[in-house]
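Here is a short report on a protein model. Look at the sequence and the structure first, then read on.

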Amino acid sequence: MALFEYFPNYIWNLSVAIAMESGAQLGEIIDMCKPIKDAADGGADAGTPQFMRAWAAMGEKLLDLAAEDEAKGRTLSASNKLERASLYLITAERMQGHGAPGREATYAKARTAFDRSTELGKLNRERVEIPLQVGTMPAIFTRAPREGRNPVVVFCNGLDSCKELLYWTRLPEQLARRGISTLCVDQPGSGEALRLERLPVDPHSENWASKAVDWLEQQSEVDPKAIGMTGISLGGHFAPRAVAYEPRFASGAVWGANHNWREVQDKRMSREGENPVPHYWAHVHWAFGAEGQKEFLAKSEAMNLNGHMDRIKVPFLVTHGANDRQISVGYADDLFEQLVNSPRRELVIFTSREGGVEHVGADNMAYGRDLIADWFAETLGGRTN
């Protein structure tokens, strides 16, 4: 096991690990976690109100400190504090059950802090909205810092993440160093699209991924022949599906395979493997717009890539952690073996030799981040040196 395991349950430790990989400060992590250690003894669900209070309080403190910096004209320092405030508020909100008191207000504060940090820090990211058939798909566009038309990668969420967490993986930063832009999307069923647009999960990811490609083709700095697609966690289902059915994608990769997510639900009902968030079944019902378990299972029936992967005819990279406690490493083998028409396919299982062995490398994202960035540089026309 490679996670920093401060609490007695996996889900809380996973959230802490993700925050640490997303830019949290260790001292602040300790200050937030120490008062709630006993609350974790009741299981992953019971203590989440205490979790939110502790983490939101740190977020509020950083908002106050950022305001003091800004009043003194120290806007870069203010941006740094706003960035962490947004991270802690998003983490606090993500741990709550659907409809929990204070959840919407906490999310709104997190979004405001993130946008203000972008402005004050003059950060290389722009909030954009992709028109969908119904509603819009909020996204963050990070531009490659070089003139002319550049390659770009569409980066999508898993079940419970958001575009801000995608940005904080620093994959957009590493892609930009390699001359590649990134579009981090809150696709239907995730992030802002779920919370504010009320758009449920669409298992047929090509529906929204194709709209992202339509938008990118209209941007003067994008090379329309060099658009890639990747996803993290449940994005390991959405990305391959999108590449299979959207021929304009020139390359693909997954940060964690998720080949048969419908089957994963059967395993979770049998208490096999770990869940990604507290209040799991209420969360998936909300995300899929289902009234109950029967409707959710019916709506997730299409979340199975068997019989679709032979449609992929572009380079594709499959990565997975050897000790993933949520999604079996065998699903990475299934995906790789079914990429029979890809001209270049690669399977990388992260082991204890390097790290990144947990779900989507939550213990160490450095290896997945660098590998995926290099993969797109090699297959879309970026640089690796």
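## Salt bridges

A salt bridge is a side-chain nitrogen of Lys or Arg within 4 Å of a carboxyl oxygen of Asp or Glu. This model is predicted. By this rule, there are 28 salt bridges.

One of them joins the side chains of Glu 28 and Arg 84, at 2.8 Å from N to O. Glu 28 sits in helix α2 (residues 26-33) and Arg 84 in helix α4 (residues 75-94), so the pair ties together parts that are 56 residues apart in sequence. Glu 28 is buried, at 14% relative accessible area. Arg 84 is buried too, at 17%.

Arg 94 forms a salt bridge with Asp 160, with the closest N and O atoms 2.3 Å apart. This pair links distant parts of the chain: Arg 94 is in helix α4, while Asp 160 is in the loop between β3 (150-156) and α6. Arg 94 counts as buried at 9% relative accessibility, and Asp 160 at 10%.

Salt bridges also form a network. Its members are Arg 111, Arg 127, Glu 129, Lys 163, Glu 164, Asp 186 and Glu 192.

## Cavities

The whole structure holds 6 cavities of 30 Å³ or more.

## A surface patch

Phe 4, Met 20, Leu 26 and Ile 30 make a nonpolar surface patch of about 350 Å². Phe 4 lies in the segment before α1 (10-21). Phe 4 is partly exposed, at 39% relative accessibility.

Key
Residues numbered from 1 in each chain as written. Predicted model: local features only at pLDDT ≥ 70, side-chain atom pairs only at ≥ 80, totals over all residues. Heavy atoms only, no water. Patch = residues over 30% accessible without salt bridge, like charges linked within 9 Å, V, L, I, M, F, W, Y side chains within 5 Å. Areas by Shrake-Rupley, 256 points an atom, 1.4 Å probe, with all protein chains shown as cover. Helix = DSSP H or I, 4+ residues; strand = E, 2+ residues; numbered from the N terminus. Buried < 20%, exposed > 50% of the residue type's maximum accessible area, 1.4 Å probe, protein only. 1 Å grid on protein atoms, 1.4 Å probe; cavity = no way out; pocket = protein on both sides within 12 Å on 5 of 7 lines; lining within 4 Å. Points joined across faces, edges and corners; volume = space filled by probe spheres on them.
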